[in-house]
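Subject: Structure handover

Hello,

Here is the structure you were waiting for. Please open it next to this message.

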Amino acid sequence: MSTPAGQASTGDFDRVLVVDFGAQYAQLIARRVREAHVFSEIVPRTISAAEIREMAPVGIIFSGGPASVYAADAYDLDPAVFELGIPVLGICYGHQVIAHSLGGTVARNDVAEYGRADLTVVAPSQLLRGLPEEQQVWMSHRDAVAEPPPGFTVIAATPDSPVAAMESVDRGIYGVQFHPEVVHTQRGQEMLKHFLYEACRARPLWTHAGIIEQSVDAVRATVDGGSVICGLSGGVDSSVAAALVHKAIGDQLVCVFVDHGLLRKDEATQVEETFRSSFHMNLIHVNAEERFLGALAGVTDPEEKRKIIGETFIRVFEEVAAEVTDVRFLVQGTLYPDVIESGTADAAKIKSHHNVGGLPEDMELQLIEPLRDLFKDEVRAVGEELGIPEEIVWRQPFPGPGLAVRIIGEVTKERLDILRAADAIVLEEVRRAGLYNELWQSFAILPGIRSVGVQGDGRTYAYPLVVRAVTSEDAMTADWARLPYEVLERISSRVINEVEGINRVAYDISSKPPATIEWE
């Protein structure tokens, strides 16, 4: 696989592939591997043995999945994968795939196992070495391995799974029916480390300092003289990307802050002051509000909004680049979840991120994306390592398309002004309650509808406002935040009294999945 320009060459780190069989936990497995300081990458179940060999991983993990290995549409795997000599760990459905492919037996249990289960270690093993004989694990299955393949040793069982874990150390193949990646499996991370460090002999080099070093080297090798421009929003992603590239090439970097008119209250001023005074970077401030609002006029479809915003961003950057000497590259703060959600070979499209699915095909600038392989928590840690101020590193995520994807329906100046004022109140009250750093995001949404209300003994017909607050680790999944009633009451009272045009406030209590964090 080729490395995008300026992206850290992950070939310099030991790599573990997570083969996704449609699991709800595939991203979590990848994160747990990285927490053990080993680089991980999610790949589709359709990957061939030849493609795996080319990627040269030190290990492979098969994820869980919703199917049965006996179903007509069962998720298959290239059987030659087992002949590569690369250690394999199967989890849940992946455990069953190993058994079914190598001559074992998978059967439908009379009793399903969902939730906590008591695991008993029944034989000495590499995978469970040093762990308690009795321990709690997390199960989520109906089918189970009834007989292991020839040459495999059963190493653990539960009352309803006689082959809850198995291994063939000689072949380097391991399987567990439970989920070691979830926190409910008490010693799960230790099991993963045994696989990574002992079976795969992976080196724990995926550290924040190592990521920075490799990214800096990759950027220098890519740029090799000339100027680079960076699309700077002031959020953590673009800020860390800018700081990384600035560390690599110094004054060759020119940051471009495009005020598209879709920012929060006073945000443009704050961004400019922060980056001119704290980072001492070359910064060009472009006021493009009229241009973006003109392009968005009459547009209501969220995918079309994102694509319009993405293309307009690129055109503005290209115009600025034409005025800067010898520019061939554009830095973006694209993250791994952006790539996954925008739809790739290994994930269905959830929504196009403006910096991935919204990019035009005829771009004149080559992208540098130093964060493309990182989850958000990794980006924050890298930002701290680079010395970026805490108020930026721990700022709640804000979408690149800004308030355009928090206004349902057409984006107009009037609606933007209303939402900006209301959103500022939401953030003020969340900070006042000391909850800002506990939440992944907290913000307001303006649906493009009106509802009847009563104010001052008179009828009103105004917009409702929806408040959204979620907790999360990486934005791949999220739970709605249980904000105290008194905080919600203050938000509602202030918004209705202080923001003209709003007469009703609602609170979104849906999690991701099935909902997304943003409404569009």
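Below are the notes on strands, sheets and helices.

This is a predicted model, in which local features need pLDDT of at least 70 and side-chain atom pairs count only at pLDDT 80 or more, while totals for chains, interfaces and linings use all residues. Residues are numbered from 1 along each chain as its sequence is written, and side-chain values use heavy atoms, with hydrogens and water left out.

Buried means under 20% relative accessible area, exposed over 50% and partly exposed in between, with a 1.4 Å probe and protein chains only. In a regular strand the side chains alternate between the two faces of the sheet. Here Arg15, Leu17 and Val19 point one way, and Val16, Val18 and Asp20 the other way.

Strand 1 runs parallel to strand 2 (residues 39-44), joined by six bridges; two strands count as paired if DSSP finds at least two bridges between them. Val19 has Val43 as its bridge partner in strand 2. Strand 1 also runs parallel to strand 3 (residues 59-62), with four bridges, and Val18 stands opposite Ile61 there.

Strand 4 (residues 88-91) pairs with strand 9 in the parallel sense over four bridges, with Leu89 opposite Tyr174. Strand 8 (residues 161-168) is antiparallel to strand 9, again over four bridges, and Ser168 stands opposite Ile173. Strands 8 and 9 form a hairpin with four residues between them, and Gly172 in the turn has a positive phi of about 70°.

Ala156

Ala156 lies in strand 7 (residues 153-158). Ala156 counts as buried because its relative accessibility is 0%. Its C-alpha atom is separated by 4.2 Å from that of Val121, 35 residues apart along the chain. Beyond neighbours within four places in sequence, the contacts of Ala156 (heavy atoms within 4.5 Å) include Leu119, Val122, Leu128 and Pro162.

An open sheet of five strands has the order 12-11-10-13-14, with parallel pairing. Its edge strands, strand 12 (282-287) and strand 14 (366-368), each pair on one side only. Strand 10 (residues 227-231) and strand 13 (residues 327-331) pair over four bridges, and Ser227 has Val327 as its bridge partner.

Helices 13 and 14

The axes of helix 13 (residues 413-432) and helix 14 (residues 485-498) come within 9 Å and cross at roughly 150°. Axes are lines fitted to C-alpha atoms, for helices over the stretch in contact, and angles run from 0 to 180 degrees between N-to-C directions. Helix 13 is therefore roughly antiparallel to helix 14; angles under 35 degrees count as roughly parallel, over 145 as roughly antiparallel, 65 to 115 as roughly perpendicular and the rest as oblique. Among the residues making the contact are Ile425 and Glu429 of helix 13 and Ile491 and Arg494 of helix 14.

Regards

Technical notes: Helix = DSSP H or I, 4+ residues; strand = E, 2+ residues; numbered from the N terminus.
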